[in-house]
Amino acid sequence: MSDSVDRGRRLLLGAALSGIASRAFAQAGAPAPPSRRMEPLKHVDAGVLNIAYYEAGPADGPVAILLHGFPYDIHTYVDVAPRLSAQGCRVIVPYLRGFGATRFRDPATLRSGEQAAIGADVIALMDALGIQHAALAGHNWGGRAACVAAALWPERCRGMVTVNSYLIQNLSRAMVPLSPKYEVALWYEYYFQLDRGRAGLAANRREIARLLWKQWSPAWDFDDATFDRTAAAHDNPDYVDVVIHSYRHRFGLAAGDPHYADVQRRLASLPPISVPSVTLDGDKDGVLPAGDGSASASKFTSRRIHRVVPGAGHNLPQEAPEAFAAAVMELIRA
Amino acid sequence: MSEKAATASTPRTQSSKRLEPLRQVDAGVLSIAYYEAGPADGPAVMLMHGFPYDIHSYVDVAPQLAAQGCRVIVPYLRGYGPTRFRDSATPRSGEQAAVGADMMALMDAIGIKRAVFAGYDWGGRAACVGAALWPERCIGLVCVNSYLIQDIAKAMTPQRPERELALWYQYYFQLERGRAGLAANRREIARILWTQWSPNWAFDDACFERTAVAHDNPDYVDVVIHSYRHRFGLADGDPQYAEIQHRLAALPPITVPTITLDGAGDGVAPATDGTASASKFTGRRVHRVVPRAGHNLPQEAPEVFAAAVMELVKA
């Protein structure tokens with residue numbers, strides 16, 4: 001069930017961090033400077049959205065869709081995307097609804113952040129781009145979107161990489177408390193239930209994001225430029241609505257968009273993931289502590305490998321891009 | 001405005017020492033359990049505890065005051081320890097008007113006309129409510145974190161995110177999940193809050209447990225949850241306190257002599273220089289920052305707290 005990141009890769013990472021990068025690592029690329037942006041962006045109408053996304057790699061390569069989380073943006077994959085494209089993948093990195101340059105096409109569409117919506121958005125994007133199959137990879141909201149799509153549309157998914165294993169929310173148990181030490185870490189989710197939290201997010205979105213980055217990735221030494229590059233994506237006019245709705249719906253305290261009622265009904269049964277999967281936990285994740293993967297084992301009915309990534313926090317693709325990219329490539333090559 | 005208080009140094013009593021025996025008296029809607037010490041004819045001092053604590057916040061303050069001639073009264077608030085509601089139909093309100101009115105009802109019940117009101121957290125709020133609305137009953141006020149009457153009309157105005165983070169439990173308690181969590185894990189939640197709020201305080205398990213048993217009160221969860229929901233305007237108050245709450249909504253000033261104390265190590269209400277609340281104190285008011293002390297200041301720095309009370313008693 002569980003193996004750790006192989007020793008060679010860890011040695012490679014260690015060597016890179018200590019400034020004596022090997023030739024192989026140098027080819028893969030040192031961490032991108034915070035000034036590097038994933039540009040240019042493309043835009044496509046996809047379902048209810050006009051989705052902004054970054055694309056790299058050969059158009060006829062196997063497709064990997066990389067899905068970011070909250071409160072992050074596509075630059076979570078700034079060091080993953082070039083590794084995958086250099087190995088022949090067609091890499092698609094969309095801004096989720098409410099983030100960056102992605103927009104709702106209709107002002108009347110509910111600014112839902114529910115799991116069914118962000119999962120359906122992935123399939124809508126694949127349809128719009130004519131992509132039949134893709135490896136779906138993500139963390140946080142993006143990992144949830146990957147799980148939703150992989151569970152409900154397995155024929156569209158050649159494999160899945162998620163951080164924190166199975167992320168489909170069990171809304172029927174949303175009112176069951178966790179041990180208080182875990183509840184403390186969810187302070188923002190409780191805060192967002194109040195209109196004070198909505199006002200706080202609207203007024204202080206950068207400060208809240210920075211707090212969460214620090215809490216969730218205590219070992220990640222990001223600089224201001226790295227933070228600002230991502231935080232600009234939170235100025236999206238739908239960001240506050242989508243985020244607040246997401247966390248209220250998650251506790252059953254906001255109604256979903258009827259458009260996704262059937263998808264959510266299917267998610268309520270906590271459907272299994274039947275595609276090959278690699279799940280990664282960061283052993284420095286400050287919001288979802290690393291596990292051995294066994295608690296979610298029954299949710300993966302095909303080949304599933306679980307790894308704990310040393311030194312990585314919750315924003316694992318940006319903190320440990322080699323480990324994340326390697327997991328995607330394993331599924332592409334399988 | 002602001003002075004620096006001396007660091008406390010005297011050894012503390014053992015964690016096995018309890019404030020006993022307790023007395024019990026019918027007072028308003030409650031049967032209040034309280035500890036009393038000192039001469040019956042001494043100047044009275046009401047020592048009011050907070051959440052999630054109990055009367056043992058004053059385990060070292062009470063004997064110091066009694067030894068100096070005070071009549072010390074340390075009640076369990078509604079929802080804590082052996083204090084009980086007299087009527088099962090009374091709403092288990094934790095609103096500020098109720099905890100303030102309870103203190104006045106206790107003074108009436110045991111025949112105390114005037115007293116020094118001293119407290120922190122919920123107890124500081126009760127003391128502020130009593131001092132603001134019944135100044136003729138109040139010799140003086142000692143309060144941790146200055147003016148504590150809640151401005152419920154502004155409850156939806158966010159603070160800086162790092163302050164909001166510290167209020168995680170208040171947001172948690174808005175959800176039924178939070179109620180269930182408090183009911184199931186009240187000790188674990190209290191211990192987390194003690195640790196967050198008093199990062200410099202090395203309390204031991206016996207010290208914690210001595211207080212935590214007071215949270216097994218059958219009304220504890222209801223009173224606590226109601227308190228924090230009412231505080232954000234998300235639960236109705238008990239109609240019998242509507243008139244008091246109406247007066248509190250005006251944020252009435254405190255006219256009695258006052259000493260306010262902030263712990264320099266307070267992890268939930270950071271120490272201030274007192275100026276932000278200056279306009280709320282229209283009588284003589286001295287503000288002090290107590291080095292290293294956290295939120296449970298009377299238990300962490302009892303000499304400083306007791307000295308503040310004695311200054312008002314002797315004034």
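This is a predicted model: local features need pLDDT of at least 70, side-chain atom pairs count only at pLDDT 80 or more; totals for chains, interfaces and linings use all residues.

Q: Okay, how many residues of chain B are in contact with chain A?
A: 25 residues of chain B are in contact with 24 residues of chain A. Being in contact takes C-beta atoms, placed from the backbone, within 7 Å.

Q: Which helices of chain B supply that side?
A: H4 (161-166), H5 (168-172), H6 (176-184) and H7 (186-197) of chain B each supply at least two residues. The largest share, 6 residues, comes from H6(B). Helices here are DSSP runs of H or I with at least four residues, strands are E runs with at least two, and both are numbered from the N terminus.

Q: And what classes of residue are on that side of chain B?
A: 14 nonpolar, 5 polar and 6 charged. Ala, Val, Leu, Ile, Met, Phe, Trp, Tyr, Cys and Pro count as nonpolar, Asp, Glu, Lys and Arg as charged, and the others, Gly among them, as polar.

Q: Switching topic: why is strand S9 of chain A largely enclosed?
A: Because 5 of the 6 residues of S9(A), residues 304-309, are buried. Buried means 20 or more other C-beta atoms within 10 Å of a residue's own, with C-beta atoms placed from the backbone.

Q: Which strand is joined to S9(A) by bridges?
A: S8(A), residues 277-282, runs parallel to S9(A), with 6 bridges between them. In that pair, A:Leu280 stands opposite A:Arg307. Strands pair if DSSP finds at least two bridges between them.

Q: Now helices: how do H4 and H5 of chain A pack?
A: H4(A), residues 115-129, and H5(A), residues 141-152, pack at about 70 degrees with axes 8 Å apart. That makes H4(A) roughly perpendicular to H5(A), a label for angles of 65 to 115 degrees. Axes are lines fitted to C-alpha atoms over the stretch in contact, and angles run from 0 to 180 degrees between N-to-C directions.

Q: Which residues meet there?
A: Among them are A:Gln115 and A:Ile118 in H4(A), and A:Trp141 and A:Arg144 in H5(A). By class, that contact has 9 nonpolar, 2 polar and 2 charged residues.

Conventions. Residues are numbered from 1 along each chain as its sequence is written. Chains are lettered from A and ligands numbered from 1 in the order in which they are written. Two residues are in contact if their C-beta atoms, placed from the backbone, lie within 7 Å. A residue is buried if 20 or more other C-beta atoms lie within 10 Å of its own, exposed if 12 or fewer, and partly exposed in between; C-beta atoms are placed from the backbone. Angles under 35 degrees count as roughly parallel, over 145 as roughly antiparallel, 65 to 115 as roughly perpendicular and the rest as oblique.
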